[in-house]
Amino acid sequence: MTSLSAVLKRNAQSAQEIVAYSTATNPTVGIFVGGTSGIGENTAYAFAKYTPYPRIHIVGRNADAGKRILEKLQTINPNTHATFHRHDMTLIREADAFSKNVLEQEKKVNLLFLSTGFLKLAGRTETVEGIDDRMAINYYSRWRVVENLLPLIEKAAENKENARIVSVLGPGNEGPVNMNDLDLKHNYSLLNSNRHFTEFNSLAVVRFAQLYPKIGFLHAGPGIVKTNITRDFPWYIRLAAQPLMFFATRPEDAGERFFYISQGSPDYRTGSHTITGSFKSLKEKSIERGYLTPELQETVWNHTEDMFKAALAKSNK
Ligand SMILES: NC(=O)c1ccc[n+]([C@@H]2O[C@H](COP(=O)([O-])OP(=O)(O)OC[C@H]3O[C@@H](n4cnc5c(N)ncnc54)[C@H](OP(=O)(O)O)[C@@H]3O)[C@@H](O)[C@H]2O)c1
């Protein structure tokens with residue numbers, strides 16, 4: 001396990017490297033989808049801390065949190081130009097609306113950081129676009145934004161700057177998926193949906209890294225981080241989870257660790273990586289078990305494109 005002090009040292013060193021290309025006329029752009037709380041919020045703070053001229057986009061629904069975070073980013077680095085975007089990212093049309101805004105405002109993107117999520121015990125809950133909301137927030141809308149913004153991330157890579165996409169979730173939970181019911185319309189359970197969206201994120205990371213060899217693609221688990229992710233659980237479950245918090249990472253330390261993989265460490269500059277919160281690679285085991293085959297990558301991505309089309313058709317009705 002890479003210690004926090006080693007992470008801090010490397011992050012500080014990376015600031016000396018980023019200074020070579022992060023200037024007032026060429027700011028470094030970080031997008032934090034799910035940046036209004038927890039891991040996304042704290043990684044955005046680290047981004048502002050180590051980047052001389054950051055342009056930061058924070059996406060979430062909570063406008064009060066957005067306002068508070070923009071103010072804090074300014075105190076961390078007065079050169080920060082930050083914008084809050086209010087969107088419900090369970091919807092593909094909202095992912096498109098946000099992407100359109102970024103495509104109009106930015107010439108390149110150095111980091112696309114995806115950490116939207118919520119926990120709940122209820123079963124399949126379809127959005128107006130016909131996708132289960134947990135599957136949408138953890139996979140479909142995340143990768144819709146990736147697909148839309150890839151041209152801007154490629155631009156950063158062509159400039160030989162950091163160009164990475166990080167999806168924060170739970171590698172290690174990959175496994176066989178229901179090939180006849182990929183979006184789990186008929187076979188939904190919390191376990192099945194966890195396995196499907198975890199597997200889909202890892203497949204997408206591997207697939208896109210082959211198509212875009214100059215960009216780093218990561219599916220990264222956080223371990224246990226003391227955030228508000230359990231906010232929608234009943235009080236007795238939150239109480240039962242309290243002992244786990246004893247072992248939890250502080251959000252600000254998680255921010256440093258996620259900045260390390262997102263920009264600080266050169267190890268993740270290109271290629272595909274599925275890693276734990278202590279940076280242990282899980283990809284080899286998933287490949288060995290047959291969970292990341294090229295056939296699966298294509299089948300699941302074709303399914304994903306079909307879901308985008310169907311969702312938007314429903315949205316436009
Ligand atoms: N914390 C942990 O120990 C842990 C462990 C394993 C995996 N994870 C995963 O890591 C990711 C980040 O977790 P975290 O601990 O940072 O959680 P968090 O503090 O609860 O942050 C979740 C973020 O998702 C956003 N979000 C939720 N629903 C949304 C929606 N419909 N539209 C737009 N944004 C939405 C929230 O923003 P708004 O409320 O403003 O909408 C918030 O910014 C999650 O996917 C989580 O499942 C966390």
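Phe32, Phe47, Tyr50, Phe113, Phe258 and Phe259 come together as one aromatic cluster. This is a predicted model, where local features need pLDDT of at least 70 and side-chain atom pairs pLDDT 80 or more, while totals for chains, interfaces and linings use all residues. Residues are numbered from 1 along each chain as its sequence is written, and side-chain values use heavy atoms, leaving out hydrogens and water.

The structure holds 15 aromatic pairs (rings of Phe, Tyr and Trp, the last by its six-membered ring, with centres within 6.5 Å; planes under 30 degrees apart are stacked, over 60 edge-to-face, the rest tilted). One of them joins Phe113 and Phe258 edge-to-face, at 5.7 Å centre to centre and 85° between the planes. That pair links distant parts of the chain, as Phe113 sits in strand β4 and Phe258 in helix α9, 145 residues apart (helices are DSSP runs of H or I with at least four residues, strands runs of E with at least two, numbered from the N terminus). Phe113 counts as buried because its relative accessible area is 0% (buried is under 20%, exposed over 50%, partly exposed in between, with a 1.4 Å probe and protein chains only). Phe258 is buried too, at 5%.

Then there's the largest nonpolar core, with 53 residues (buried Ala, Val, Leu, Ile, Met, Phe, Trp, Tyr and Cys joined through side-chain atoms within 4.5 Å). Among the residues touching the most other members are Tyr139 and Trp143. Helix α5 gives the most to this core, with 14 residues.
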